[in-house]
Amino acid sequence: MDTQKAYRNSVIADYLGKLDPLFKYIPYLKSKEGAQTRSLYTGDNNSLKSIAVPVYDSNVLAFVKDAQKTGLMNRNYIYAYRKVGMNTPDNERLFISGATFEDLSAITDIITRYVLEGMSRSTMWQIAVEEGVWLHALLKLKELLEIHEGPLA
């Protein structure tokens, strides 16, 4: 029994240490759920010769950068998706709402999906913020860790 408790405490400490920088984005993500988070830059004269480039809110870019630094980005996240049958933001939020302590890595895989796919598909970061996927994932991670560790700041 003591071994299980020690293991659980080490998992909690590991996740808390890695996720703490991301929890500061919860108020921002709450305020942006359902709102537009990017615009398109089409050049100075809006001429037809320029290519539209997505311009993101600096908080979205900071979140992505901080998420990449956590060490929790799992390039094999797709296996978690296949295992539980997630394929839409609604399915992801449904999975997150029913997640347990044993699902911590699957929740971080959801964050990973949007961070990594957003590097090549510009709409992924927008979807993660507007659909509340990152918000719900962080809130659930915080909740699960608080249950076992005590209230987090």
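**Close-up 1. Where helix 4 meets helix 6.** In this predicted model, Y77, A80 and Y81 of helix 4 are in contact (heavy atoms within 4.5 Å) with D109, I110, T112, R113, Y114, L116 and E117 of helix 6. The residues of this contact comprise six nonpolar, one polar and three charged. Here Ala, Val, Leu, Ile, Met, Phe, Trp, Tyr, Cys and Pro count as nonpolar, Asp, Glu, Lys and Arg as charged, and the others, Gly among them, as polar. Helices are DSSP runs of H or I with at least four residues, numbered from the N terminus.

**Close-up 2. Y25 and F63, an edge-to-face pair.** Ring centres within 6.5 Å make a pair, with planes under 30 degrees apart counted as stacked, over 60 as edge-to-face and the rest as tilted; three aromatic pairs result. For Y25 and F63 the centres are 5.4 Å apart and the planes at 90°, so this pair is edge-to-face. Y25 sits in the loop between helix 1 (2-23) and helix 2 (26-32), F63 in helix 3 (residues 58-69), so the pair ties together parts 38 residues apart in sequence. Y25 is buried (under 20% relative accessible area) at 6%, and F63 is buried at 1%.

**Close-up 3. Y77 and Y81 within helix 4.** Their ring centres lie 6.1 Å apart with planes at 80°, so this pair too is edge-to-face. Y77 and Y81 are four residues apart in helix 4, about one helical turn.

Residues are numbered from 1 along each chain as its sequence is written. Local features need pLDDT of at least 70 and side-chain atom pairs pLDDT 80 or more, while totals for chains, interfaces and linings use all residues, and side-chain values use heavy atoms, leaving out hydrogens and water.

Key:
Helix = DSSP H or I, 4+ residues; strand = E, 2+ residues; numbered from the N terminus. Phe/Tyr/Trp six-rings, centres within 6.5 Å; stacked < 30°, edge-to-face > 60°. Buried < 20%, exposed > 50% of the residue type's maximum accessible area, 1.4 Å probe, protein only.
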